[in-house]
Structures are given as C-alpha cells and as structure tokens.
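Trainee: I have a model to read and some terms to learn. Can we go through them one by one?
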Amino acid sequence: MAEVEIKVENLVYAKPRLITDIVMHYCPGCSHGTVHKLIAEVIDEMGLEDSTIAVSPVGCSVFAYNYIDVDWIEAAHGRACAVATAAKRLHPENLVFTYQGDGDLAAIGTAETIHAAARGENIVTIFINNAIYGMTGGQMSPTTLLGMKTATTPYGRDAALNGFPYKVSDMLAHLDGATYITRQSVHTPANVRKCKKAIRKAFENSLAGNGYSMVEVVATCNSGWKMSPVEANKWMEENLLPAYPLGDIKCTTLPK
C-alpha cells in the first residue's frame, strides 16, 4: 500500500503540549480547565517547561499536578505561598507559582498569602475566585457575596451573621512587596486572551525579581451554584463582576 502524506496547513488550534492526556475531574463548565490551558500555553511559549515549580494545595485544584506537565509540590491546605517561598528561595532561577481557590487562599491561607506578598517574594499566585467552596459541597467562602445562597447560608449570606466578603486582590495591592495584581476572567474568548496576557506578565514580573504577583480569575462554579454552565456565566456577569471588577489593580516596581 502506498504511503499517504498528510499535510496540516493553517492550524488554528491544538491541545497545549504540556497538558497531559489524563481526563480532568472538573465539572463540565468549570473555569479551571480553561485556566490550566492558559498556564500550560504560557509556560511552553516562554520555554520554561524544565524550570517551573508549581504548588497546589487542597481544593478543586488538588489534582492540578496530573494535568500540567511541570514539577509540582503538594502543599497543606492554605500553605501554598509558604511552600512556594521556600522553593523560590532555594531555586531563585526558577519560575515558581501557586494555584489556589478562594476557599483555600482567602480562608485558611490568608496569613501565608499576605506575608508572602508583604515580603515581596518573587512568586506568582493564580487565584481562582468562584465565591464558594466547590470541592467540599458548596459552603460559603470569604468571597461569597451578600445574599448569596450556599450550603451554609441557605437563606443568603447575612453580614450580621456571616460578616462581609472581602476583595483579596485589592487588599494585597496596598502592600509594597506586591507589584503586579490583576483580576481577570475566562468566560468569553476576549477575556480568555486578556487572562493569558496577564498570566504571562505575572510570570515575567516574577522572573525579573520584581516581587509578588497575583492573577485573580473570577470564575464560575455551576455545580456549586446549582446552575447550567450558560446560566453560571450569566450569573457571574450580573453579580460577581460588579463586586469583583476586572482589570489591572496594581502594576509597579519594588520600592528601593
């Protein structure tokens, strides 16, 4: 049989080289898979495959090490920035980033995150904010909106009982050691492109030794929100984005 030569021309899309063939455990419609793709693309395009250390703690992203083919360290719940600090100080030439959700970073990991940013550690945090505990059953998180119903706030979050939600990125932006803080999303093609640029900028900022960077991604959790993926995107646009507006919050250099 004669060999048939197949030519591929004008390829417009392919699976990122660093995304493994392991089937992701994320729910259909979840934002995590899209962010994973962007991280893998940026690392590949920057030629950092062999010089990246990623840190994943407890949460929906606990198995991120299965999906992006770089070196990973598993951290205890909330301790990712502490672990990343050690990794970066031991390997200052490497890109070091954490991948965390709001239930992890904004609750049990608040202290580690704040102090890493205050010290100006040259690490990057990818912060997935879907305003709910996704993995453990949809409980209220620190970023849950007032009036938002969750498993632990069935009548809606009440400020008198549950306190107010807080904006992690805005809080970190006041710290001198935090130099690049941005809030993005991945719910439209245009926003996906903006998020990818932000991730690359954060990685470049870290490698330049310019202190702490955070890319917050306002995300959906259609399973936790009890919505279809389409409904979740619409709800996010109408409710989360007014509370957590997109765009760069801080872009500066370390003070001298």
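Trainee: What makes the crossing of H1 and H7 right-handed?

Mentor: A crossing is right-handed if the near helix is turned clockwise from the far one by less than a right angle, and left-handed if anticlockwise. The crossing of H1 and H7 is right-handed. This is a predicted model, in which local features need pLDDT of at least 70 and side-chain atom pairs count only at pLDDT 80 or more, while totals for chains, interfaces and linings use all residues. Residues are numbered from 1 along each chain as its sequence is written, and side-chain values use heavy atoms, without hydrogens and water.

Trainee: Which residues of H1 and H7 meet?

Mentor: Contact means heavy atoms within 4.5 Å. Among those that meet are Leu38, Ile39 and Ile43 in H1 and Ile199 and Phe203 in H7. Leaving aside its neighbours within four places in sequence, Ile39 is in contact with Ile68, Phe97, Tyr99, Ile126, Ile199 and Phe203.

Trainee: What makes a set of residues a nonpolar core?

Mentor: The members are buried Ala, Val, Leu, Ile, Met, Phe, Trp, Tyr and Cys residues joined through side-chain atoms within 4.5 Å. The largest has 35 residues, and Ile39, Phe97 and Phe203 are among those with the most contacts inside it. H1, E3, E4, H7 and E6 are the elements that give it two or more residues.

Trainee: Why is E6 said to be largely enclosed?

Mentor: Buried means under 20% relative accessible area, exposed over 50%, and partly exposed in between (1.4 Å probe, protein chains only). Seven of the seven residues of E6 are buried, so E6 is largely enclosed by the rest of the structure. Tyr212, Met214, Glu216 and Val218 point one way from E6, and Ser213, Val215 and Val217 the other way.

Trainee: How do you know that E4 and E6 pair?

Mentor: Two strands pair if DSSP finds at least two bridges between them. Six bridges join E4 to E6, and these strands run parallel. Thr125 stands opposite Met214 in E6. E5 and E6 also pair in the parallel sense, over seven bridges.

How values were computed. Helices (H or I, at least four residues) and strands (E, at least two) are DSSP runs, numbered from the N terminus.
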